Amino acid sequence: MPGELASRLQPIVAEAVTAAGFDLDSFEVQQAGRRQLVKVVVDADDGVGLDEVAEISRKVSAVLDENEHVLASAYTLEVTSPGLDRPLTQPRHWRRARYRLVKVTPADGAPFIGRVGHAGADAARVLEGGKIREVRYADVAKAVVEIEFKQPPAEDLKLLEDDASGMIAAETEKGSK
């Protein structure tokens, strides 16, 4: 029942979240005693603050109330942003991890840690060991952000910025032909 309920509610919730200017990262409905627990995880390129979570919570609650016939029971709504331990599974996750260290476990080969640069539709550019390498999303078994307690080295950021500028210039030149 919760799986069927989630599939019926997900488009309704996604529309409310998108209208508020955010992405629906995940959505789930679980039975919690006599109530339904509705879990909504939202994200945005610039992150999500507490005030924004409260705003989204109000909007999602309103659309759930409008569709109470679908829920057919009391519910508890939980709206949150993804944690740092969320795997990078979508191009937008990689884009949002720009300049962050990530641990990448390729489908083939040894895991490595690198700093994310330009993230395109099919691959991200990652600085590893002083060299830029292209990491195709399809070739990644798992990737997660590594927690850092200090600012990234300025020289790493410069290399990634220069690489991104070159990528954008190449895409622009390719598009004008």
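## Terms and basis of the model

Buried, in this report, means a relative accessible area under 20%, exposed means over 50%, and partly exposed lies in between, with a 1.4 Å probe and protein chains only. At 3% relative accessibility, Arg 115 therefore counts as buried.

This is a predicted model, in which local features need pLDDT of at least 70 and side-chain atom pairs count only at pLDDT 80 or more, whereas totals for chains, interfaces and linings use all residues. Residues are numbered from 1 along each chain as its sequence is written, and side-chain values use heavy atoms, with hydrogens and water left out.

## The chain as a whole

The protein chain has five helices and eight strands, where helices (H or I, at least four residues) and strands (E, at least two) are DSSP runs numbered from the N terminus. Followed along the sequence, these elements give the pattern α-β-β-α-α-β-α-β-β-β-β-β-α. The C-alpha trace spans about 55 × 40 × 30 Å along its principal axes, and buried residues make up 37% of the 177 residues in the chain.

A contact means heavy atoms within 4.5 Å. Among the contacts in the protein chain with a separation of 6 or more, 56% are between residues 24 or more positions apart.

## The span from the UniProt record

An unreviewed UniProt entry places the feature "domain: Ribosome maturation factor RimP N-terminal" at residues 12-85; UniProt positions are given in the numbering used here, feature names are shortened, and annotations may be inferred rather than shown by experiment. In the model, the span of residues 12-85 is 39% helix and 34% strand, and its end C-alpha atoms lie 27 Å apart.

Ala 74 is found in the loop between helix 3 (68-71) and strand 3 (75-80), and with 37% relative accessibility it counts as partly exposed. Leaving aside neighbours within four places in sequence, Ala 74 is in contact with Arg 34, Arg 35 and Gln 36. The C-alpha atoms of Ala 74 and Ile 132, which are 58 residues apart along the chain, are separated by 52 Å.

## Two arginines of helix 4

Helix 4 covers residues 91-96 and includes Arg 96; Arg 92 lies in helix 4 as well. Arg 92 is buried, with a relative accessible area of 18%, and Arg 96 is buried with a value of 16%. Both figures count as buried because they fall under the 20% cut-off.

Arg 96 touches Asp 23, Asp 43, Ala 44 and Asp 45, with residues up to four places away in sequence not counted, and the side chain of Arg 96 reaches the backbone oxygen of Ala 44 at 3.3 Å.

## Arg 115 and Tyr 99

Arg 115 is found in strand 5, which runs over residues 112-119. Its side chain reaches the backbone oxygen of Tyr 99 at 2.8 Å, and makes a polar contact with the side chain of Glu 148 at 2.9 Å. Beyond residues up to four places away in sequence, Arg 115 touches a list of residues that includes Arg 100, Leu 127, Pro 152 and Asp 156.

Tyr 99 has its place in the loop between helix 4 and strand 4 (101-106). Tyr 99 is partly exposed, with a relative accessible area of 22%, and its phi is near 70°, a positive value in a residue other than glycine.

## The loop at Asp 108

Asp 108 lies in the loop between strand 4 and strand 5, and at 71% relative accessibility this residue counts as exposed. The C-alpha atoms of Asp 108 and Ala 141 are separated by 8.3 Å, although the two residues are 33 residues apart along the chain.

Notes: Polar contact = N/O pair within 3.5 Å; in protein donor to acceptor, adjacent residues only side chain to side chain.
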